[in-house]
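Here are my notes for anyone opening this one for the first time. Have a look at the picture, then read the points in any order you like.

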Amino acid sequence: MSAGLVKKPRLILFDLDGTLVDSVPDLAHCIDGMMTQIGRPAWGESRVREWVGNGVERLVKRALIGQLDGEPDTADYAQALPLFMDLYSRHNGQRSQLYPGVKSALEQLKSAGYTLACVTNKADQFTRPLLQALGVYDYFSLITSGDTLPRKKPDPLPLLHSAEHFGLSPAESLMVGDSSNDVKAARAAGFDIVCVPYGYNHGLDIRDSAPDAVIDSLEQLEGLFE
């Protein structure tokens with residue numbers, strides 16, 4: 001990793017799950033609780049980890065069919081989703097943890113004068129409590145959740161909305177994420193994109209999606225800038 005890989009932005013957007021926070025422990029606890037309530041075997045954390053990254057609705061569907069792609073029985077899904085949502089609203093943030101270096105990186109970037117915002121596909125009812133529970137809510141000047149706008153990542157709308165909110169152009173903005181969804185959204189919006197390799201990308205190497213840079217820790221982010 002060398003300096004000058006990414007032009008210095010004025011706005012930095014961060015994805016949430018898999019970038020800032022390992023939320024799988026909470027999600028797996030709630031998926032397993034849901035499965036138990038409908039009389040099916042629990043999956044366990046390692047299996048649920050393979051399915052995270054496209055919103056809780058998709059996660060519930062994957063748990064019901066036991067794989068990434070496909071659709072469950074409509075009645076099963078209608079029964080299971082409210083059970084999951086109830087469990088997650090009660091347990092969100094209890095087992096989740098910030099990835100190493102996240103809080104110090106946010107502190108450093110905020111102190112250096114960068115505008116920080118969060119763009120996630122997680123519903124707003126779960127996004128804000130999670131950021132608050134982990135003590136990083138106040139670092140973000142704007143939070144755009146999965147249900148804030150009519151479309152979510154990989155659509156570019158949430159990224160463009162964020163830049164517009166601050167009166168900035170895509171050229172002055174950077175997306176930081178962990179998945180191909182983040183890369184697709186950034187490319188479509190005209191943002192630079194930096195990724196971390198430790199998040200939720202369904203077992204695929206994020207380097208295959210060709211972001212502008214890959215860093216092992218968010219503490220390395222500022223060192224990339226020209």
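Predicted model: local features only at pLDDT ≥ 70, side-chain atom pairs only at ≥ 80, totals over all residues.

1. If you skip the neighbours within four places in sequence, Trp 43 is in contact with Ile 31, Asp 32, Met 35, Val 48, Trp 51, Ala 63 and Gly 66. You'll find Trp 43 in the loop between α1 (24–37) and α2 (45–49). Take Asp 32 from that list of contacts: it sits 11 residues from Trp 43 in sequence, and the two C-alpha atoms are 6.2 Å apart.

2. The chain has eight helices and eight strands. Its radius of gyration is 17 Å, close to the 17 Å the globule rule gives for 226 residues, so the chain is as compact as a globular protein of that length. Along the principal axes, the C-alpha trace spans about 55 × 30 × 30 Å.

3. A few whole-chain figures. Buried residues account for 51% of the 226. Looking at contacts between residues at least 6 apart in sequence, 66% of them join residues at least 24 apart. The chain exposes about 9600 Å², with carbon and sulfur atoms supplying 48% of that. As for charge, there are 21 positive and 30 negative side chains, and the centres of the two sets lie 2 Å apart.

4. On to the sheet. Which order do its strands take? Six of them form an open sheet, β5-β4-β1-β6-β7-β8, with parallel pairing. The edges are β5 (142–144) and β8 (213–214), each of which pairs on one side only.

5. What does β6 pair with? On one hand there is β1 (residues 11–14), joined to β6 by four bridges and running parallel; Leu 13 stands opposite Met 175 there. On the other there is β7, again with four bridges and again parallel, where Cys 195 is the bridge partner of Gly 177. Strand β7 (residues 192–195) in turn connects to β8 through two bridges, also parallel, and Val 194 faces Ala 213 of β8.

6. How accessible are they? His 202 is partly exposed, with a relative accessible area of 29%, and Ala 210 is partly exposed at 47%.

7. One last thing to click on: the peptide bond from Lys 153 to Pro 154 is cis, with omega near 15 degrees. Pro 154 has its place in the loop between β5 and α7 (157–165).

Key:
Residues numbered from 1 in each chain as written. Heavy atoms only, no water. Rg over C-alpha atoms; globule rule 2.2 N^0.38 Å. Buried < 20%, exposed > 50% of the residue type's maximum accessible area, 1.4 Å probe, protein only. Contact = heavy atoms within 4.5 Å. Areas by Shrake-Rupley, 256 points an atom, 1.4 Å probe, with all protein chains shown as cover. Lys, Arg positive; Asp, Glu negative; His and termini not counted. Charge placed at Lys NZ, Arg CZ, Asp CG, Glu CD. Pairing = 2+ DSSP bridges.
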